[in-house]
Amino acid sequence: MKKSFFKVVLSCFVVAGTLSSCKNSSSSSKNVSRATGWKINAKEGGFQYNSNFKEQETPPGTVFIEGGTFTKGQVQDDIMHDWNNSPTAQHVQSFYMDETEVTNVMYLEYLDYLKAVYPPENPMYENIYKGALPDTLVWRNRLGFNETMTNSYLRHPAYGEYPVVGVNWIQATQYAEWRTDRVNEATLEREGYLAKDAKYKVLNGEIGGTFSTEAYLNNPESVYGGQIDSLQGKQKKDSINSFAKRSTGIISPEYRLPTETEWEYAAQALIGSREYNNYRGRKKYPWEGDYTRNGQRLGRGDQLANFKQGKGDYGGIAGWSDDGADITAEVKSYKPNDFGLYDMAGNVSEWVADVYRPIVDDEISDFNYYRGNIYLKKAIGEDGKVQILRDSVVFDTLPNGKVVALNLPGEIKEVPVGEEETYLRTNFSKSDNRGYRDGDPGSSRFFQRFSDDESDARKMYDSPKHKVERDSTGKLLRQYDTSNYRTSLINDEVRVYKGGSWRDRAFWLDPAQRRYLPQYMATDDVGFRCAMSRVGSKSKTKNKTVRHKKVR
């Protein structure tokens, strides 16, 4: 009896120990699969994955913006009576955002790169550099003397840390794409996937071609004009990890313009506020309080932003300057908001990603709201690989006659999504969704009554359709839309810009205010800053606590 009892107890301990051992072997090691028990990152081969990934690295020049809920739009009196920014409850995911506007020196680095890699003397590349140049003539005024800014504002070192202006929305998005590639190129070099100083060999003309993030991820042998083998770093010794992948965890998401919702959320900076009214949209400025002057003991009475004080007053009386600037001011001249962002009111207004519409429809989306989605996919060649635009550049002539490059050599060719991606889907049914539920045929049951001619329908947003192109000799050919039934200037190429500028009165400093311009236009008071999505956890708290329900 005793013998059999001890056998049972002993066998129980053995079974328990075995189960414990199995459990530990599968969960204690990050390099053992919890699904199959196979090794991860084995030298013999198999599944390769960065099991030691902690969290996303803060991108250069940005600060972390923890996401949350807020009231987007204007809750205070609508003195313009345009119902342009009705309040809606929105939730924003965490992201990163430039702590300052993109400055002249930051943009000049971009121009210098383009000029070195795609010399304008080459007829094929001529309009790549020219198309990226800011419009310095925006400073001119028929009845004002501003030639000094026209000639010096962009390039003189005295203005190096001032926000770049004269940049249209298209140029701003192209800068963000270029920045993505340069940052990832530097990261790959640091992590040993590229040889030291490989990026400078492109600038010096030692290597043909250049680096594109998407081309590297999809067809790494194609970057640097197919000469990447000579530029690989110490990781080349390991045949399994010779190229970085998304699963490596070191490739950053793309830099881009912030959405209007992200920009407004970041400007309000409710993270430092514990007032219920602010949460409900009552916060009037990026700082606390209802006034534009500093109420603290240190610096009492100083203006908290660079804006127009009154008629003919851009900076106060000499010696008694109200805001320390007459035109733009050097970035970081004023205190940051509670997120650590500078000049989210005043200095220059800023482009955001959204296509403009008067109404924000929170019934459609109250999570990461954004209007402007055009879904594309990578073009696949006959060999089954993505198509790389090695030696071809596609140019577009904008309505103002400016020629811009739609792609750079070495980038992946993209095409609109088709039926393969949209068939029986409920979340989207076509590639271009800029006019969804506001300007497209699905917006109104009376849509077809506007016109019998579908190619030129008199729809809600029937802005003029001018045709501008260049002939083979470079001569500009203009065809103006002289239709007399156009009722709107709004179309899918009109973008939102936010924040007041040095030219604006205090009314426009409210983060909820919004205005719009055609995406090809530039002014002397609109600049931009970049953003980047955060991947992974909502917050950057290192010691995260997992909450478990108590099981009884």
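Select helix H2, residues 104-117, and colour its buried residues: Asn 104, Tyr 107, Tyr 110, Leu 111, Tyr 113, Leu 114 and Val 117. Buried means under 20% relative accessible area, with a 1.4 Å probe and protein chains only. Helices are DSSP runs of H or I with at least four residues, strands are E runs of at least two, and both are numbered from the N terminus.

This is a predicted model: local features need pLDDT of at least 70, side-chain atom pairs count only at pLDDT 80 or more, and totals for chains, interfaces and linings use all residues. Residues are numbered from 1 along each chain as its sequence is written, and side-chain values use heavy atoms, without hydrogens and water.

Next, show what covers those buried residues. The cover includes helix H3 (126-132), H5 and helix H6 (198-203).

Show side chains at the contact (heavy atoms within 4.5 Å). From H2, pick Met 106, Tyr 107, Glu 109, Tyr 110 and Tyr 113. From H5, pick Gln 171, Gln 174, Tyr 175, Trp 178, Arg 179 and Arg 182.

Move to the open sheet of 4 strands, ordered S17-S16-S7-S18 with mixed pairing. Strands pair if DSSP finds at least two bridges between them. S17 (514-518) and S18 (526-527) are the edges; each has a single partner strand, so one side of each lacks a neighbour in the sheet.

Finish on S16, residues 494-498, which pairs with S17 in the antiparallel sense over 5 bridges. Select Val 496; opposite stands Tyr 516 in S17.

Note on methods. Axes are lines fitted to C-alpha atoms, for helices over the stretch in contact, and angles run from 0 to 180 degrees between N-to-C directions. Buried means under 20% relative accessible area, exposed over 50%, partly exposed in between (1.4 Å probe, protein chains only).
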